[in-house]
Amino acid sequence: MVYVGIPKGQADQEEEVLKTIQDGDSDELTIKRFTESREKPGALWHIYAAKDTEKIREFLKKVAEEQGQENPVDHDPIHDQSWYLDRSLRKRLHQEYGVQGWAIVQFLGDVVFIPAGAPHQARTRDICIKVAEDFVSPEHVKHCFWLTQEFRYLSHTHTNHEDKLQVKNVIYHAVKDAVGILRANESSLSRP
């Protein structure tokens with residue numbers, strides 16, 4: 001988070017930010033970071049374990065159905081990014097599916113890493129500028145390949161339809177590097 005602009009002249013601005021942090025299920029240390037250290041919070045993140053993705057997807061489809069919304073086959077409630085799980089939905093997700101995420105408040109200067117395949121959401125309160133970089137490591141190719149397969153079933157007009165992760169390139173370069181290291185150390189590997 002490289003910039004957080006807080007509007008001036010709003011008397012209750014700090015109270016609203018504090019309420020957002022508290023309603024976001026943030027821990028006491030995070031709340032103290034705002035109230036005592038006077039740092040500028042930019043975004044509230046909720047990050048869930050990759051293993052809970054299907055439960056979250058099922059829950060979102062269920063809520064959409066309850067609200068009379070359609071669930072087209074070529075759309076995905078997670079990849080569509082059309083839902084924000086507020087406090088009541090997060091509580092319901094935990095009660096009905098046993099899924100609980102981590103709340104992280106990103107302050108000015110903070111970096112947030114999202115684990116491979118982890119569903120997540122972010123909410124900003126004020127004007128923020130962030131720098132985002134996707135990183136795919138060979139150790140997480142399995143999750144990336146799985147995500148790429150999910151993207152294939154989305155409609156052709158969906159922004160995530162293409163293979164942005166370039167999983168085949170990651171695999172190619174990981175194998176190429178491994179073979180290069182083996183060849184470079186071939187003589188020491190053949191000795192008993």
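**Exercise 1.** Is Y97 buried or exposed?

*Solution.* Start with the cut-offs: buried means under 20% relative accessible area, exposed over 50%, and partly exposed in between (1.4 Å probe, protein chains only). Y97 has a relative accessible area of 17%. Y97 is therefore buried.

A note on the basis. This is a predicted model, in which local features need pLDDT of at least 70 and side-chain atom pairs count only at pLDDT 80 or more, while totals for chains, interfaces and linings use all residues. Residues are numbered from 1 along each chain as its sequence is written, and side-chain values use heavy atoms, with hydrogens and water left out.

**Exercise 2.** Classify the aromatic pair that the structure holds.

*Solution.* Step one: recall the rule. Rings of Phe, Tyr and Trp (its six-membered ring) pair if their centres lie within 6.5 Å; planes under 30 degrees apart count as stacked, over 60 as edge-to-face and the rest as tilted. Step two: take the values. The ring centres of F59 and Y97 are 5.8 Å apart, and their planes stand at 75 degrees. The pair is therefore edge-to-face.

Helices are DSSP runs (H or I, at least four residues), as are strands (E, at least two), numbered from the N terminus. F59 belongs to helix α3 (residues 53-66) and Y97 to helix α4 (residues 87-97), so the pair ties together parts 38 residues apart in sequence. F59 is buried, at a relative accessible area of 0%.

**Exercise 3.** Describe the largest nonpolar core.

*Solution.* A nonpolar core is a set of buried Ala, Val, Leu, Ile, Met, Phe, Trp, Tyr and Cys residues joined through side-chain atoms within 4.5 Å. The largest one has 13 residues. I56, F59, L60, L85 and L93 touch the most other members. α3 gives the most, with five residues.

Now look at I56. Contact means heavy atoms within 4.5 Å. Leaving aside neighbours within four places in sequence, I56 is in contact with Y48, I78, L93, V99 and P119.

**Exercise 4.** Which residues does T53 contact, leaving aside its neighbours within four places in sequence?

*Solution.* First, locate T53: this residue is found in helix α3. T53 is buried, with a relative accessible area of 4%. Finally, list the partners: T53 is in contact with I78, G117, P119 and W146, with neighbours within four places in sequence left aside.
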